[in-house]
Amino acid sequence: MSEAPKLFKVTIDNITIDVEPGTTILNAARRIGGEVTPPAMCYYSKLEGSGGKCRTCLVEVAAGSTADPRPMPKLVASCRTTVMDGMVVKNITSDKVLDARNGVVEFLLINHPLDCPICDQAGECHLQDLSYEHGKEGTRFEFKRRTFEKEDIGPYIQLHMTRCILCYRCTYVADQLTDHRVHGILDRGDHAEISTYISKAIDNDFSGNMIDVCPVGALTDKTFRFKNRVWFTKPVNAHRDCPTCCGKVTLWQRGDEVLRVTARKDEWGEVMSYPRPDGSGNQTGWICNTCRFDKKNTSDWVIEGLSNINRHSVISQGKYPGLVTPKETITEVMGGRDPKLLMDIHDVSGVNDPEVDLSKVAGAATSKTFEKKEQ
Amino acid sequence: MALTNRSIQVDRKPMTWLESIYLWNIVKGMAITFSHLFKRRPTISYPEQTRSFSKVFRGLHVLNRDEEGRERCTACGLCAVACPAEAITMEAAERLPGEEGLYREEKYAARYEINMLRCIFCGLCEEACPKDAIYLSQTFAPANYGRSGFIYKKNDLLIPNPLTEPEAYQKALGEKASKN
């Protein structure tokens with residue numbers, strides 16, 4: 001192969017880019033970035049075989065290729081359609097696409113409960129973002145929402161089947177990362193549900209990555225359950241020397257408590273990739289269950305600094321990178337005497353009690369966690 | 001140049017003897033003072049008498065219960081994130097089996113505090129609440145000798161239970177009840 005591989009020229013929303021043959025439209029659009037990129041709920045670039053299920057990434061192909069410039073008759077799923085040379089794709093410039101996406105969001109929300117105030121995923125939920133950007137305010141659905149019996153799938157992962165949109169990402173994680181899969185989609189149609197076979201616990205190593213790939217709050221971290229809202233915790237990048245995984249994580253802290261550990265996410269909400277130590281390409285930074293669930297002390301980690309949060313995200317509220325605190329001068333002026341505090345908030349307030357360490361509580365806090373301090 | 005016709009040139013002549021004893025000015029001042037004895041008093045004798053507030057008055061917060069007496073708050077944190085003064089803090093807990101009569105949703109606020117020293121009574125928490133759990137009532141936070149009395153905990157904020165204490169509940173609802 002002496003000659004350079006031929007690149008395909010593809011135009012997405014009037015922006016032209018050269019990509020390798022075999023690239024999907026979605027990945028070509030991600031190369032451009034910004035608003036041109038179609039949203040994706042089921043496609044996950046790090047999971048082989050994912051995509052083609054949720055239909056949120058529908059785009060219009062206005063011209064198939066230079067050789068055959070006829071438009072494609074229907075909207076196509078951009079995560080599963082590869083580009084052709086001279087293809088012209090319309091995403092946000094096409095009214096048809098916006099209308100179709102509106103309908104897809106309505107379909108996804110038919111059975112999705114509106115329990116965002118309770119859901120731990122709120123604030124970093126892809127479905128929440130998608131419905132804000134593309135959805136309608138109301139619903140036309142007049143029937144009862146599909147519900148499921150609650151199922152316990154072990155001490156680490158909390159399953160809320162009602163919130164699931166059946167993207168199959170978690171089954172791909174189980175197939176491609178863990179040693180053996182113990183869960184899958186059971187039943188068909190409206191009854192289809194993520195479940196383990198006869199309430200088996202999911203506890204094999206690397207299974208915690210299901211939480212990170214879940215686009216909604218169907219799979220959440222049980223050790224973080226109801227501990228805090230995502231936007232009140234402070235995300236910091238940290239790493240540790242882990243024998244099984246890359247050890248590069250984001251810690252979600254409250255003060256010095258580590259409430260949650262997740263893998264680091266890139267701009268598409270996917271787990272980041274890092275160059276392999278031996279220099280042969282990239283590897284995805286999945287993290288092991290030990291790092292995710294058992295290392296809840298700040299002393300276990302080497303803190304690198306605040307993680308980069310999109311400033312339009314609610315998580316960025318109250319975070320001030322580059323904040324300079326002015327020097328306290330009272331002690332200096334008073335000749336070395338500290339100011340007399342009229343009230344220390346911790347003497348009065350019951351919230352954030354130093355004696356109740358939420359990161360040490362195994363599951364969600366209950367009334368028992370708090371009752372010993374309640375007068 | 002004079003901008004209005006109300007500007008008066010200051011008279012800088014030295015005072016006469018009659019002026020320097022201020023007799024006329026004292027009489028003039030006292031006349032104004034005494035005339036107020038015969039006017040309507042603008043003050044009322046609080047706390048025996050109170051003034052009614054406007055319909056949109058934003059006072060002390062109340063944590064609401066539903067018609068079955070369960071707490072509506074699910075500790076979603078939207079009031080705290082909306083609060084411009086960062087006065088609201090909370091800690092959530094999961095509802096245990098057997099506590100269904102106490103809390104409406106599976107998550108509830110185990111601790112809920114409003115620092116009334118920080119609160120500016122803007123009402124954004126009421127607007128942010130998706131569960132109609134918090135609203136601002138028609139009373140204000142009473143004065144206190146110490147600062148610690150201004151940290152309002154959940155017990156201070158919760159409305160009385162409509163099933164066990166219906167009178168206290170109606171009283172707490174206040175003018176909100178007549179609206180519904």
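Guide: In chain A, four strands make up an open sheet, ordered S12-S11-S10-S15 and paired antiparallel, where strands are DSSP runs of E of at least two residues, helices are runs of H or I of at least four, and both are numbered from the N terminus, while two strands pair if DSSP finds at least two bridges between them. This is a predicted model, in which local features need pLDDT of at least 70 and side-chain atom pairs count only at pLDDT 80 or more, whereas totals for chains, interfaces and linings use all residues. Residues are numbered from 1 along each chain as its sequence is written, and chains are lettered from A and ligands numbered from 1 in the order in which they are written.

The edges of the sheet are strand S12 (257-263) and strand S15 (302-306) of chain A, each of which has a single partner strand, so one side of each is left without a neighbour in the sheet. From one strand to the next the twist averages 35°, with axes taken as lines fitted to C-alpha atoms, for helices over the stretch in contact, and angles running from 0 to 180 degrees between N-to-C directions. Strand S11 (residues 248-254) of chain A is joined to S12(A) by six bridges, the two running antiparallel, and Val249(A) stands opposite Ala263(A) in S12(A).

Chain A as a whole holds nine helices and 15 strands, and its C-alpha trace spans about 80 × 55 × 45 Å along its principal axes. Of its 375 residues, 36% count as buried, a residue being buried if 20 or more other C-beta atoms, placed from the backbone, lie within 10 Å of its own, exposed if 12 or fewer, and partly exposed in between. In helix H1 (residues 25-32) of chain A, the buried residues include Ile25(A), Leu26(A) and Arg30(A), and their cover includes strand S1 (8-12) and strand S2 (15-19) of chain A.

Chain A also meets chain B, in a contact that takes 21 residues from chain A and 24 residues from chain B. The largest share of chain A's side, three residues, comes from helix H9 (residues 367-371) of chain A, and that side divides into 13 nonpolar, six polar and two charged residues. Across this contact, Lys107(B) touches residues of both chains, among them Ile118(A), Phe226(A) and Glu94(B); Lys107(B) counts as buried because 24 C-beta neighbours lie inside 10 Å. As for confidence, the model scores ipTM 0.83 and pTM 0.84.

Terms used
Contact = placed C-beta atoms within 7 Å. Nonpolar A, V, L, I, M, F, W, Y, C, P; charged D, E, K, R; others polar. Lists of a residue's contacts leave out its neighbours within four places in sequence.
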